[in-house]
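Hi,

Here is the structure I said I would pass on.

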There are 2 protein chains.
Amino acid sequence: MTSASGTGGALVKPGDAIGILGGGQLGRMLALAAADLGLDVHTLAPETDSPASRVARKTWVAAYDDAVALKEFAASVKVATIEFENIPTDAVDAIVAAGTPVRPDARCLAVSQDRLAEKSYFRDIGIEPAAFARVDTVDQIQPALDSVGGSGVLKTRFSGYDGKGQVRLEGRVTASAAWASVEAQRSIIEAWIDHERELSVVLARTADGEVRFWDPPDNIHGKGVLRRSLFPSAASPDVIERAKSTAKTLADSLDYVGVLALELFLTRDGRLLANEFAPRVHNSGHWTPDACITGQFEQHIRAVCGWPLGDPARHSDGEMINLLGAEANDWEKHLADGARVHLYGKRRTADGRKMGHVVKLRPRG
Amino acid sequence: MTSASGTGGALVKPGDAIGILGGGQLGRMLALAAADLGLDVHTLAPETDSPASRVARKTWVAAYDDAVALKEFAASVKVATIEFENIPTDAVDAIVAAGTPVRPDARCLAVSQDRLAEKSYFRDIGIEPAAFARVDTVDQIQPALDSVGGSGVLKTRFSGYDGKGQVRLEGRVTASAAWASVEAQRSIIEAWIDHERELSVVLARTADGEVRFWDPPDNIHGKGVLRRSLFPSAASPDVIERAKSTAKTLADSLDYVGVLALELFLTRDGRLLANEFAPRVHNSGHWTPDACITGQFEQHIRAVCGWPLGDPARHSDGEMINLLGAEANDWEKHLADGARVHLYGKRRTADGRKMGHVVKLRPRG
């Protein structure tokens with residue numbers, strides 16, 4: 001198998017430029033890791049003064065449908081990658097058409113951009129998601145909810161992240177109110193899972209099909225947003241092995257190149273249900289640069305460049321805590337408490353916005 | 001005590017810009033650490049396309065005596081620091097005159113820029129250097145060598161680094177040849193030390209006088225250039241404590257702010273002799289980001305910004321190996337062997353030039 005948008009081997013040498021689509025904190029942390037490997041980084045994003053652009057050598061401030069900018073950007077780099085999954089696949093196609101590989105490829109993005117396609121894909125390759133049903137109209141809400149057992153979450157199919165565009169539904173519901181809460185967008189209903197634990201598998205895969213895993217963490221969400229990741233997961237070795245195997249099935253099936261994260265629920269009766277995957281570095285892997293020989297940002301760059309993967313072995317236990325909104329105002333307290341502190345340089349603080357994270361380490365148990 | 005060029009407390013907030021004078025790999029690694037703390041970085045250096053400039057938000061390509069550029073640079077940042085000690089003190093003075101503190105201050109640089117001033121300073125504050133003698137003229141070479149015991153190294157007083165401008169002398173010498181080898185520059189002769197071990201202390205000091213140390217490493221040089229640092233040092237706890245205490249005496253005496261490194265010889269009869277100090281992050285501390293909770297680059301930024309220091313505790317043992325010149329051509333092999341790999345993005349490879357380093361970690365013993 002070869003990747004749809006690139007070939008194996010070292011596409012890139014130290015000193016070359018690589019491209020990142022997107023300007024947020026993931027792009028910034030990817031850019032820092034790339035620079036530490038001797039690479040130049042070019043970014044393209046619509047926002048001026050984005051976090052990633054401020055550590056990049058060159059930046060295109062351009063819409064994702066700006067054909068001229070995409071072509072220039074593509075011509076300036078040896079390979080490109082993405083920092084968030086809602087980059088339009090047309091932008092990726094334009095870069096590939098200009099002769100520059102993009103890793104992961106447009107198909108991986110397309111599957112992850114549509115919750116219905118994503119869950120259908122899981123089923124197609126033998127990965128069990130929570131029960132789900134399609135909702136195209138307001139009339140389908142109640143039957144869809146009933147079909148997943150009468151307790152679920154209505155979620156827009158497209159563009160949702162961090163709990164946005166989601167509403168919890170139970171029993172008999174007022175369909176019109178639920179429909180308004182997703183702005184009458186095409187949606188799905190997922191069964192509410194009474195889970196014992198949420199965990200994620202973060203892995204890296206090369207174009208040659210080599211896969212390396214970090215030890216999966218347990219994840220704690222609040223209002224649909226990741227609050228903390230505890231590493232390693234307290235799940236049993238059997239659960240961990242099943243989770244890794246499930247994520248590998250997904251990555252292999254997609255012929256994925258780069259870092260990928262799969263979020264899973266462990267049910268009280270011991271089943272692992274796939275929640276969603278991210279075709280990119282992931283918030284639940286933010287502790288890896290601090291607690292492992294090789295972190296997720298560097299590993300993604302290595303995979304995307306066709307370079308050997310690094311060692312993901314973990315030297316410390318601990319937890320990662322997101323700093324949301326005004327929580328980042330306590331930066332000085334966090335700096336003083338002996339934790340690793342990472343701040344994203346965002347100009348504007350908003351309620352619930354991811355502004356930084358801290359990682360508390362302790363000797364490996 | 002207050003620093004000559006700044007006051008205690010948080011001068012700087014995340015999102016603010018800080019300045020780095022100098023464009024090399026130390027500046028690049030400082031800039032990456034600063035960005036991870038949410039800071040913007042501005043650089044000023046004479047070289048175009050310098051390693052540090054490529055990860056900075058803003059760059060002035062300007063000579064260190066370009067008054068206009070220095071003033072603009074100073075006005076654009078809340079605090080400035082240096083990435084190598086041979087930045088002219090006039091440039092530092094100009095930035096301070098423009099109202100922007102520079103840490104460490106010009107006096108620390110001045111002492112370190114002149115080997116004679118440095119060694120005299122060591123003596124003045126009760127730190128024992130190797131025996132040394134001043135050499136202003138060719139005629140002084142033989143008497144100076146005799147005065148330090150007949151075996152020594154002739155070194156230029158100014159601008160020497162990494163073994164450049166140095167020649168080994170023994171017994172009766174041809175003074176004219178020795179003098180030519182230092183290009184007839186004002187020099188000193190240092191006694192040749194038959195040492196058991198070379199070690200260095202890397203510490204950070206805040207404007208309030210708090211000092212934190214990394215565990216000192218043993219250092220192995222070749223042709224005057226650091227080749228490897230082994231951490232932790234195999235020296236006895238007593239030696240380590242004396243070494244740290246010596247470095248603290250120096251930092252306190254200079255009212256130093258930031259990371260400072262002191263290189264020491266341990267003689268066969270158990271004396272610790274100060275070799276030289278660096279008023280900056282140091283090659284023998286390059287392993288600290290990979291093996292410790294907080295590495296030297298981040299710690300320097302914290303100190304310079306008036307922020308709380310991080311925890312320098314070490315989670316792993318190991319060694320740091322410099323990649324000089326063509327050694328960096330083996331980058332792919334190094335990436336494959338499980339080590340941490342850091343490449344500096346230098347455009348030109350030259351014999352002996354520091355192109356990168358690798359850090360091999362093992363569980364703490």
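Let's start with Leu30(B), which you will find in helix α1 of chain B, the helix that covers residues 25-36. Keep in mind as you look around that this is a predicted model.

Is Leu30(B) buried or exposed? Count the C-beta atoms around it: there are 30 others within 10 Å. The cut-off for calling a residue buried is 20 or more, so Leu30(B) counts as buried. As for who its neighbours are, leave out residues up to four places away in sequence, and Leu30(B) touches Ile20(B), Glu83(B), Val281(B), Phe297(B), His300(B) and Ile301(B). Val173(B) is another matter: 143 residues separate it from Leu30(B) in sequence, and the two C-alpha atoms are 43 Å apart in space.

Now hop over to chain A and find strand β2, residues 40-45. How many of its six residues are buried? Six of the six, so the strand is mostly covered by the 20-or-more cut-off.

Strand β1 of chain A (residues 17-21) runs parallel to β2(A), and five bridges join the two. To see one of these pairings, look at Leu21(A), whose bridge partner in β2(A) is Leu44(A). Between β1(A) and β2(A) the chain passes through helix α1 of chain A (residues 25-36), making a right-handed β-α-β crossover. Strand β3 of chain A (residues 58-61) pairs with β2(A) too, again in the parallel sense, over four bridges. Here Ala45(A) has Val61(A) as its bridge partner in β3(A).

Next, the place where the chains meet. On chain A, 33 residues are in contact with 33 residues of chain B. Which elements of chain A give two or more residues to that side? They are α1, α11 (331-336), β16 (340-343) and β17 (354-363). Sorted by type, the residues on this side of chain A are 16 nonpolar, eight polar and nine charged.

Last, zoom out to the domains. The assignment for chain A gives domain 1 (17-112), domain 2 (131-191) and domain 3 (195-363). Taken over C-alpha atoms, the centres of domain 2 and domain 3 of chain A are separated by 28 Å.

Conventions. Residues numbered from 1 in each chain as written. Chains lettered and ligands numbered in written order. Predicted model: local features only at pLDDT ≥ 70, side-chain atom pairs only at ≥ 80, totals over all residues. Buried ≥ 20, exposed ≤ 12 C-beta atoms within 10 Å, placed from the backbone. Pairing = 2+ DSSP bridges. Right-handed = clockwise from strand over helix to strand, strands pointing away. Contact = placed C-beta atoms within 7 Å. Nonpolar A, V, L, I, M, F, W, Y, C, P; charged D, E, K, R; others polar. Domains from an automatic or database assignment.
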